[in-house]
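The following exercises are meant to be worked through with the sequence and the coordinates side by side.

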Amino acid sequence: MFYGMLFILASHIATCFWIILASLLDTNNLAEVDSKYTGTWLEDFYKNGMTEDLSIYYVSFYWCITTITTVGYGDISGTNNVERMFCAFVMFIGVIMFSLANGALASIIS
């Protein structure tokens, strides 16, 4: 139970940081409404009309879970070097956390 809650908490934190990173790396600094999130992973989503905060959170959470669980469909990825480094960090920490959660589950079952 503890590792499951820790997994959810870490996923939420990584999700929020993924969104914040896109906001901080916006090359236009929110100067024009039509070009928000330019040069980040969120650019295509914003151009396609995804402007609600909750929808952006869902997409980011989806990215986080697929990255941490090593599924990694590749439909959402970093588009600049800072985002790629963050992705690598999340992958590294995610594999460790996912392994701990699976180990705890295997221990409980046995």
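A residue is called buried here when its relative accessible area is under 20%. The model is a predicted one, and its residues are numbered from 1 along the chain.

**Exercise 1.** Describe the overall make-up of the chain, stating how many helices and strands there are and what percentage of the residues count as buried.

Solution. Begin with the secondary structure, which comes to 4 helices and 0 strands, so that, as helices are numbered from the N terminus, the pattern read along the sequence is α-α-α-α. Next, take the dimensions: the C-alpha trace spans about 55 × 25 × 20 Å along its principal axes. Then turn to burial, where 33% of the 110 residues count as buried. Finally, consider the contacts with a separation of 6 or more, of which 59% join residues 24 or more positions apart.

**Exercise 2.** Which residues of H4 are buried, and against which helices do they pack?

Solution. H4 covers residues 81–109, and its 29 residues reach 41 Å from the first C-alpha to the last, close to the 42 Å expected at 1.5 Å a residue. At its N-terminal end the helix is capped by Asn 80, a side-chain oxygen of which lies 3.3 Å from the backbone nitrogen of Val 82. Applying the cut-off given above, one finds that Glu 83, Phe 86, Cys 87, Val 90, Gly 94, Met 97 and Ala 101 are buried in H4. These buried residues pack against H1 and H3.

**Exercise 3.** What angle do the axes of H3 and H4 make, and is Thr 67 buried or exposed?

Solution. The axes of H3, residues 53–68, and H4 come within 8 Å and cross at roughly 60 degrees, which makes H3 oblique to H4. From H3 the contact draws on Trp 63, Thr 67 and Ile 68, while the H4 side includes Cys 87, Val 90 and Met 91. These contact residues divide into 8 nonpolar, 2 polar and no charged.

Now look at Thr 67, which is found in H3. With a relative accessible area of 11%, Thr 67 is buried, because the cut-off is under 20%. Its side chain reaches the backbone oxygen of Trp 63 at 2.7 Å. Once neighbours within four places in sequence are left aside, Thr 67 is in contact with Cys 87, Val 90 and Met 91.

How values were computed
This is a predicted model: local features need pLDDT of at least 70, side-chain atom pairs count only at pLDDT 80 or more; totals for chains, interfaces and linings use all residues. Side-chain values use heavy atoms; hydrogens and water are left out. Axes are lines fitted to C-alpha atoms, for helices over the stretch in contact, and angles run from 0 to 180 degrees between N-to-C directions. Helices (H or I, at least four residues) and strands (E, at least two) are DSSP runs, numbered from the N terminus. Angles under 35 degrees count as roughly parallel, over 145 as roughly antiparallel, 65 to 115 as roughly perpendicular and the rest as oblique. Contact means heavy atoms within 4.5 Å. Ala, Val, Leu, Ile, Met, Phe, Trp, Tyr, Cys and Pro count as nonpolar, Asp, Glu, Lys and Arg as charged, and the others, Gly among them, as polar. Buried means under 20% relative accessible area, exposed over 50%, partly exposed in between (1.4 Å probe, protein chains only). A polar contact is a pair of N or O atoms within 3.5 Å; within protein, one must be able to donate a hydrogen and the other to accept it, and residues adjacent in sequence count only if both atoms are side-chain atoms. The expected span of a helix is 1.5 Å times one less than its number of residues.
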